[in-house]
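Hi,

Here is the structure I said I'd pass along. Have a look at it first, and then read on for my notes.

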Amino acid sequence: MAIYTEEEARKIMEKALSFSKADACEVNLDGSESGNIRYARNSVSTSGHRSNQTLVVQSNFGKKMGTATIDEFDDESLKRVVARSEELAKLSPENPEFMGPLGPQVYDKAINYVESTANITPEFRAEVANSSIEPAVSKDVTAAGFLDDSAGFSAMMNTKGLFAYNKSTNLEFTVTMRTNDGTGSGWVTRDFNDVTKFNATEASNTAIEKAVMSREAKAIEPGKYTVILEPSAGLGLLNGLGRSIGARSADEGRSFMSKDGGNKIGEKIVDERVKIWSDPLNSEVPSATWNGSGQPLKKTTWIENGIVKNLAYDRFWAAEKGVEPVPYPSNFIMAGGDASLEELIKSTKKGILVTRLWYIRSVDPQTLLYTGLTRDGTFYIENGAIKYPVKNFRFNESPIIMLNNLETLGKQVRVEGNLIPYMKIRDFTFTSLSDAV
Amino acid sequence: MKRRDFVQMSGLGAGALLIPSTMMGNNIAVEALLAPGMDVLVKKRMADVALNTATSMGATYADARIGRYLNQYVFTREDKVQNVVNTESFGIGIRVIVNGTWGFASTNNVSEDGIKKATIQAVNIAKANSKFQKEPVVLAPVSGQGEVSWKTPIQKDFKDVPVSEKVDLLLTANAAALDNGANFVNSALFMVNEQKYFASTDGSYIDQDVHRIWPTFGVTAVDQAAGKFKTRQAMSAPMGMGYEYMDGLDSEKLVGAAGLKLYRNSYDMIEDATIAAKQAKEMLSAKSVDPGKYDLVLEPNHLGLTIHESVGHPTELDRVLGYEANYAGTSFATIDKWKSKNFKYGSDIVNIVADKTQKGSLGAVGFDDEGVPCKQWDIIRNGVLVNYQAIRDQVKMIDQNESHGCCYAQSWNDVQFQRMPNISLEAGTDPYSVSQMIKDVEKGIYIAGRGSYSIDQQRYNFQFGGTVFYEIKNGEIVGMLNDVAYQSNTQEFWNACAKICDKDDYRLFGSFFDGKGQPSQVSAVSHGSSTTRFNGINVINTGRTV
């Protein structure tokens with residue numbers, strides 16, 4: 001069993017630290033049990049189970065630091081791994097940016113572990129696959145999907161008195177449904193900490209419906225369109241913004257967030273309705289309440305009223321700049337509105353509904369310009385109703401331009417551990433057509 | 001944000017470099033890299049435990065892979081060493097066929113007891129999944145190879161080179177860039193040694209020692225006043241070579257258009273960093289491209305990625321058949337097109353070969369990860385699609401009975417599956433140099449180095465950037481360009497292939513961390529070509545004001 005209780009973890013880590021002869025020593029102990037099933041062509045293709053446990057030991061003499069890892073926790077092994085980290089530290093060049101371990105911290109109690117998810121069985125996974133395959137076969141559609149679930153714990157301790165422990169569970173599911181004539185494709189993604197919130201049949205049927213609806217798409221001219229981005233599509237571009245919240249690269253002049261030898265904190269960069277924050281205790285998207293270096297993770301606002309409120313400062317850069325460190329977040333939550341997808345469609349005179357964006361790559365880090373394509377369900381809307389499926393487009397767009405062109409915010413949905421609203425955006429830039437289904 | 005599968009090691013240029021966490025193993029002391037590992041006789045005995053256990057439980061086929069994966073990564077920025085990582089991962093993966101169904105399990109407990117337990121788990125998984133199996137596995141025959149071995153032909157093992165020498169080289173390159181006007185430099189050196197032992201119930205016991213290396217950097221110039229920054233990436237290629245790749249031999253240097261220095265089988269990192277700094281500064285004030293149709297002259301270290309995305313992935317048979325539909329997608333290069341024997345993938349001069357044997361390439365091994373001897377075969381001949389990339393359980397689906405030998409797993413704890421071999425464009429047969437090619441272009445753009453890349457899930461529509469762009473007017477390079485990306489359709493693009501330089505310009509591009517599958521696995525693959533011209537390709541301007 002790779003999941004230790006708080007007391008078991010504490011004992012192992014205390015033992016390891018008792019062997020330390022360095023100026024300071026910090027240990028991280030992690031373990032997880034995970035299972036997956038993969039299917040394609042309406043048949044199960046592979047499935048697997050993994051069990052992992054690792055103790056990482058970091059020792060330092062002054063600013064010389066060494067790290068060693070082990071997966072056996074008897075006294076002899078613990079002694080060996082601590083000694084090895086010390087040898088490595090002595091051999092390492094000095095890292096002037098090494099900040100040393102933190103002292104004791106106070107953490108909120110995390111809410112991201114759900115026992116029922118930890119108890120998922122191989123039979124359950126097979127049933128999930130079957131709840132895609134059976135309806136697919138009956139609708140002349142081919143299913144390909146993947147379910148991955150995990151339960152784990154993380155703990156850390158150091159010679160300065162810090163101790164942290166957290167258990168977590170997670171489940172991720174995606175399925176692609178393709179019509180057997182090859183002209184339609186639909187997809188859904190679902191992820192939860194709590195498996196009881198997961199309905200594989202509902203998810204599979206949604207993907208089937210999209211596949212059937214998207215058959216025989218028409219080509220329309222690329223150009224600027226009003227789009228309704230489903231939360232997964234919106235996240236694809238918001239990720240680009242999320243990756244640019246580092247204060248250091250901003251202050252160094254090599255980020256979208258750079259400005260006049262400093263950064264854009266306090267500057268309005270997007271529509272005033274945009275609010276983005278992170279919160280490890282949000283009940284829909286809970287996460288750990290501390291990160292791998294022992295910093296507490298708290299509710300943090302990144303953008304409010306369209307204005308940059310915070311950037312992430314690691315401990316070194318915070319010290320350089322004389323500010324408090326702001327750790328990178330474990331989730332993003334973007335404020336939404338009341339509108340349902342149906343209502344967003346109803347209020348659209350002419351536009352495109354986008355299920356997801358795919359193969360998103362940075363084109364210009366200066367402007368956060370990204371390219372990619374629509375995929376698995378793209379539909380033309382006219383006078384408040386979906387008229388017909390359209391061929392996929394390539395886009396070239398920046399999340400900054402997108403959030404400045406915001407029309408309406410819809411309801412929030414959990415995607416990949418984040419809460420993202422449906423968004424209606426005007427003048428979204430599609431630059432070419434794709435024949436891909 | 002989803003970063004679970006990646007470890008953020010260092011910022012390379014503007015974008016952070018994320019290394020798949022599966023590429024990491026346990027941290028070890030640098031000296032431990034030199035430890036010999038398990039004796040081959042013991043490996044054989046341990047592999048036989050798996051094969052015998054599987055057979056006794058009703059498996060009709062079994063293979064065992066005992067792997068020791070040693071990695072050393074060095075990261076620096078400006079005058080600082082950020083991290084030196086030495087890792088080792090050791091264990092065994094066992095794959096079985098029971099009731100016509102695959103089962104797989106792995107363990108890092110390489111003892112008789114641990115191996116038996118994992119084998120039983122693999123058999124049980126196969127039995128459980130056979131309930132839902134609709135297409136029983138049929139393996140193409142391969143003869144037992146007996147006890148054989150293969151080794152990447154290296155001259156200098158990275159494990160024998162002191163870390164201090166590697167750190168010195170990176171810091172010297174960084175200093176060269178800073179001295180020549182760069183504001184920031186991130187550099188990294190990736191070195192990989194796969195020591196893998198394969199045994200199967202077909203009677204093969206194969207011991208292989210595989211080496212790979214990748215030096216790379218991002219050199220950034222900042223214009224604070226204008227609020228602009230530009231990054232020039234390295235012109236190196238990841239290679240299936242030892243540390244001798246870092247020698248920087250003059251004999252392996254080539255001169256590209258616009259005086260670019262390019263590298264074949266030996267890389268001069270200090271020289272490249274020096275030039276990169278000058279070019280990054282030049283990029284800050286280069287002209288923004290006028291969108292429109294251009295003849296593109298694509299340098300091999302750029303074209304390799306275009307080959308990878310637009311020919312490599314679409315001709316993977318598992319994609320074509322739908323096994324990757326839920327992740328990377330399917331392919332436009334469907335079976336009916338291949339069966340027609342006249343599907344014009346490209347113009348008559350386009351000849352694309354798949355290969356697992358080319359010296360210095362990332363894909364070169366003696367045998368693949370299911371014991372099939374490696375070879376070379378045609379994918380496109382005279383512009384026509386003639387074959388795919390397929391492994392033992394796939395070739396029957398294209399009426400063939402010999403595996404192509406391109407099965408791979410990134411580690412002992414991942415199941416092996418079809419992975420891209422080296423996919424390369426043959427050089428032109430008539431003597432033709434890059435300077436001659438430039439002379440023949442009226443309105444064009446010369447593109448060198450890797451850049452942004454994106455392609456749809458069936459591999460029709462793509463958009464590529466590059467590292468550096470130069471405008472060609474009436475047969476001459478007239479200056480550097482910014483904001484260039486080309487958009488095309490795979491079949492149109494390859495049919496617009498007008499001219500290919502000769503073998504003197506031929507060299508390898510590489511992808512060190514190519515991802516595929518769920519759970520995702522990485523593999524390393526090379527793509528060879530000579531500088532090639534494509535006529536009338538659509539170029540867009542990617543400049544924006546925000």
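Predicted model: local features only at pLDDT ≥ 70, side-chain atom pairs only at ≥ 80, totals over all residues.

**Where the chains meet**

Chain B puts 53 residues into the contact and chain A puts in 73. On the chain B side, those residues split into 24 nonpolar, 22 polar and seven charged.

**Domains in chain B**

The domain assignment for chain B lists domain 1 as 6-219 and domain 2 as 287-541. Their C-alpha centres are 26 Å apart. Domain 1 of chain B brings 35 residues to the contact between them, and domain 2 of chain B brings 29. If you want to find the domain 1 side in your viewer, the elements giving two or more residues to it are β4 (61-77), β5 (80-98), β6 (101-107), β8 (184-200) and β9 (204-223) of chain B. The top contributor there is β9(B), with six residues. That side of domain 1 has 19 nonpolar, eleven polar and five charged residues.

**Domains in chain A**

For chain A, the assignment gives domain 1 as 6-211, while domain 2 is made of 217-238 + 336-433. Here the centres, taken over C-alpha atoms, are separated by 31 Å. The contact involves seven residues of domain 1 of chain A and nine residues of domain 2 of chain A. On the domain 1 side, strand β6 (residues 185-192) of chain A gives the most, with five residues. By class, that side comes to one nonpolar, four polar and two charged residues.

**Two helix pairs**

In chain B, take helix α3 (residues 163-179) and helix α4 (residues 269-284): they pack at about 25°, and their axes are 7 Å apart. Angles under 35 degrees count as roughly parallel, so that is what α3(B) and α4(B) are to each other. The crossing of α3(B) past α4(B) is right-handed. From α3(B), the residues in contact are B:Leu169, B:Thr172, B:Ala173, B:Asn174, B:Ala176 and B:Ala177, and they meet B:Met269, B:Ile270, B:Ala273, B:Thr274, B:Ala276 and B:Ala277 of α4(B). By class, this contact has nine nonpolar and three polar residues, with no charged ones.

The other pair is in chain A, where α4(A) packs against helix α5 (residues 200-213) at about 35°, with 9 Å between the axes. This crossing is right-handed too. On the α4(A) side you'll find A:Val128, A:Ser131, A:Ser132, A:Pro135 and A:Ala136, and on the α5(A) side A:Ala200, A:Thr201, A:Ser204, A:Asn205 and A:Ile208. The class count for this one is five nonpolar, five polar and no charged residues.

- B:Gln518 and B:Pro519 are joined by a cis peptide bond, with omega about -5°. B:Pro519 sits in the loop between β28 (507-516) and β29 (521-529) of chain B.
- A:Asp140 has a positive phi, about 60°, despite not being a glycine. The loop that holds A:Asp140 runs between α4 (122-138) and β4 (141-158) of chain A. A:Asp140 has 12 other C-beta atoms within 10 Å, and 12 or fewer counts as exposed.
- B:Asp399, again a residue other than glycine, has a positive phi near 55°. B:Asp399 is in the loop between β17 (384-385) and β18 (407-408) of chain B. With 8 other C-beta atoms within 10 Å, B:Asp399 is exposed.

**One buried tyrosine**

Last, A:Tyr225, which is in strand β7 (residues 224-229) of chain A. Is A:Tyr225 buried or exposed? A residue needs 20 or more other C-beta atoms within 10 Å to be called buried, and A:Tyr225 has 22 such neighbours, so A:Tyr225 is buried. Leaving aside residues up to four places away in sequence, A:Tyr225 touches A:Gly351, A:Ile352, A:Phe428 and A:Phe430. Of these, A:Ile352 is 127 residues away along the chain, yet the C-alpha atoms of A:Tyr225 and A:Ile352 are separated by 6.9 Å.

Cheers

Conventions: Residues numbered from 1 in each chain as written. Chains lettered and ligands numbered in written order. Axes fitted to C-alpha atoms, helices over the stretch in contact; angles between N-to-C directions. Helix = DSSP H or I, 4+ residues; strand = E, 2+ residues; numbered from the N terminus. Parallel < 35°, antiparallel > 145°, perpendicular 65-115°, else oblique. Left-handed = near helix turned anticlockwise from the far one by under 90°. Contact = placed C-beta atoms within 7 Å. Nonpolar A, V, L, I, M, F, W, Y, C, P; charged D, E, K, R; others polar. Domains from an automatic or database assignment.
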